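Hello,

Please find the structure below. My notes follow it.

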Amino acid sequence: MLSARFLRRLLVASLVLISVAGPVQAAGKNYQRSIVKYTMPDVVLVNQNGTKVRFRRLIETDKTVVVDFIYGTCTTICPVLSAGFANLQRKLGADSRKIHLISISIDPEHDTPQVMNEYLKNFRARPGWDFLSGSREDIDRVMKAFDAYFPTKMSHRPLDFIKAPSSSVWVRLDGLMGTGDLMSEMKKAGAL
Amino acid sequence: MTNKSTIRRVSSAVSLVGLLLLACMAAGAATASGAGSKPAMSHEEQLRYGERMYREGILPNGKPMQALVQGDVPVSGSSFTCVSCHLRSGLGATEGTVVTPPTNGRVLFQPRGLLQKNFEMVPTVRKYSLSLPQRPAYTDETLAECIAGGVDPAGRELSRTMPRYHLNEADMAMLIAYLKTLSDRLPPGVSETEMHFATVITDGVRPEDVQAMLLPIETYISKKNGIASAFKRRPQSMRMAVNMMGPDLVAMKMSLSRWHLKGAPDTWRAQLEEYYKKDPVFALLGGIGNGSWEPIHRFCEDHRLPDLFPVTDYPVISSKDWYTLYISKGVFQEGEGAARYLNTMHELLKGKTILQVVRTTRRGKALATGFLSTWKAFGWPAPVTVELSADQPLTPPLLDRLLTKEKPAVLLVWDDAAALPAVAALAHRADRPGMVVMSAVSLGPELRHIPDAARSYLYLTYPYRLPQDDVRYDSFIDFLIKGKSFDEQALRIVKQSYALGALQSQALMEMRGEYYRDFLLDTIGMMPDMDLPLYERLSFGPNQRYASKGCYIVQLGKGDKPELVKRSDWAIR
């Protein structure tokens with residue numbers, strides 16, 4: 001006889017599989033949502049303070065992690081994503097400490113720690129939001145791990161990735177969204 | 001009774017708040033427009049304020065503009081400037097999935113159809129046009145409504161990525177007045193039939209280097225003019241060229257003047273003014289000089305004249321200037337690369353001395369400046385610096401004395417190949433620094449003859465792709481150099497100039513027939529990264545002014561025919 005626990009697990013697994021099968025347009029929204037499993041590369045990146053960080057360790061944390069891909073001189077997509085991060089931190093107030101926002105540079109040749117530090121200051125980023133750069137090879141590996149590889153920064157797309165604490169799956173959001181939508185996706189993912 | 005009284009009180013309070021709000025708005029408008037006791041603002045002043053709003057997101061009262069994006073994200077205008085999406089020329093762009101339409105008056109005040117006239121079959125223009133909805137012409141009123149409320153004159157709501165700006169009437173009028181001036185008149189050097197350029201050649205450059213710089217540019221212009229002539233003779237047979245370039249560019253002839261600058265650099269400005277007056281050009285292409293490019297750089301800033309990829313070891317290092325686009329930071333970039341590399345060893349170098357021996361030539365000083373500015377930005381104290389005048393040799397005894405005194409962990413020698421014997425003599429010194437750093441480019445042909453004993457501790461800054469890797473790119477320039485003889489330095493110049501040809505031809509094809517100077521630079525800023533000879537990666541981006549950003553740290557391998565061996569990434573972090 002099948003136990004209730006087993007049935008619950010089966011149901012969750014089926015839901016994950018259904019979602020993995022393809023992204024779906026979030027109801028009435030301009031972005032697509034999917035649930036995916038990713039394997040992160042064990043690379044060392046550098047943050048806006050010039051400190052080396054082991055990326056996998058940053059991701060495997062008891063905090064909610066939200067990742068996006070940006071670059072310091074981007075004019076259109078990245079400022080919207082970053083304003084979203086800044087606004088999210090403001091709206092969460094003290095709770096923002098439970099969330100780790102990670103922006104990864106897709107222009108590592110240009111985005112030095114100084115450039116990244118200046119960028120975060122411009123968006124009045126609070127502690128808990130890191131901007132990471134690294135060698136082109138390592139950045140390519142991270143982009144590929146998130147199925148978000150852009151051979152050149154000018155072909156990039158707006159993407160957010162949410163991982164709840166201790167979860168093994170990511171919520172992938174493809175498109176630009178407001179803070180309300182982002183927060184609601186985080187709640188849905190059990191990340192808030 | 002109580003309810004009615006409450007309602008009356010609330011209603012009065014609302015009316016009072018409304019009146020106060022109206023009063024505040026009126027006061028704000030009066031301040032912004034300079035009404036009241038202040039004299040009326042001149043049209044020029046209004047345009048200056050409009051430009052500041054457009055480019056910096058700062059209101060005439062000095063405060064940042066305020067806006068909302070994505071429906072509920074409040075943003076400061078200084079982070080979300082008009083220029084960041086619509087670009088300096090106001091002619092719009094495509095980035096990833098976001099397409100921004102032109103915002104210059106000339107285009108806004110015309111209705112927009114499905115496709116751009118005469119460019120219906122040009123793929124880049126067609127794709128751009130189809131990304132934008134059709135609409136009637138704007139008026140001042142509908143444009144103001146659009147900027148504030150995000151609705152176009154067809155009643156269509158704009159993308160939520162477009163900020164909805166809160167502007168009072170006077171500020172809005174200044175912004176619109178400025179938009180009307182953007183890219184509204186063709187610049188000098190461009191007509192319907194011709195695009196005219198110049199290249200600057202300064203005194204003292206080796207003739208073979210001048211030829212190396214000119215070869216790719218003149219070849220490009222000659223090929224382009226060949227297409228224009230063929231199109232004139234047989235337009236029907238040039239359908240593919242028309243589809244790639246557009247009907248205007250395909251028919252346009254190009255020409256290049258050579259502006260020779262003679263004498264001392266402080267006389268160049270007058271010579272440039274004279275050339276420009278007699279021979280107005282759309283842009284400067286390439287150019288070559290042995291010294292600082294600053295006089296030409298400043299001239300271009302003042303005349304708003306693009307200057308693309310001059311061959312110079314001494315570009316102006318600036319994060320704000322706009323009109324000169326360099327292929328790299330030149331010699332400065334090698335010093336920068338050394339600082340970045342040493343910073344990766346911060347645990348080992350904490351509390352240790354770094355000694356910098358600087359030959360006080362232009363090259364030595366540029367290397368030291370590149371190192372020092374980057375090193376200090378990382379938060380390190382300045383290294384101990386010893387300057388050597390141009391005629392003071394770096395002998396083994398002198399270097400010994402310096403090392404005995406300073407006991408450095410790292411020695412930087414910003415000198416030429418004449419310093420190699422002193423550096424090689426360190427092989428016998430028990431307490432020599434763990435690492436000696438020099439510039440590979442400064443060593444010239446002697447790079448391949450570094451004494452064996454020094455190869456284990458001598459590290460070199462190398463700002464190009466390694467020669468053994470660059471051979472894969474030889475085919476790019478074979479057609480240019482076939483049957484000609486160039487030494488290593490001249491060949492490098494051919495490759496730099498080739499990059500200019502590739503960049504320029506691509507940029508002109510993406511300009512949608514809008515040949516404005518700022519749009520040329522805007523277009524280059526939005527181009528994909530390029531994989532070309534000599535540099536690992538040439539990348540652009542809005543406001544980026546140095547296309548190659550990397551520098552290897554290498555060592556010379558063993559043997560008689562040694563290869564360079566990488567000791568760092570291209571972009572050292």
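In chain B, strand 8 (residues 283-285) and strand 9 (residues 307-308) run parallel and are joined by 2 bridges. Leu285(B) has Leu308(B) in strand 9 of chain B as its bridge partner. Strands here are DSSP runs of E with at least two residues, helices are runs of H or I with at least four residues, and both are numbered from the N terminus. Two strands pair if DSSP finds at least two bridges between them.

This is a predicted model, in which local features need pLDDT of at least 70 and side-chain atom pairs count only at pLDDT 80 or more, while totals for chains, interfaces and linings use all residues. Residues are numbered from 1 along each chain as its sequence is written, and chains are lettered from A and ligands numbered from 1 in the order in which they are written.

Chain B has three entries in its domain assignment (bounds from an automatic or database source): domain 1 (31-179), domain 2 (194-328 + 469-542) and domain 3 (332-462 + 554-566). Taken over C-alpha atoms, the centres of domain 1 and domain 3 of chain B are 52 Å apart.

The contact between the chains involves 33 residues from chain A and 35 residues from chain B; two residues are in contact if their C-beta atoms, placed from the backbone, lie within 7 Å. On the side of chain A that touches chain B, helix 3 (77-92), helix 4 (113-122) and helix 6 (179-188) of chain A each supply at least two residues. Helix 3 of chain A gives the most, with 6 residues.

Regards
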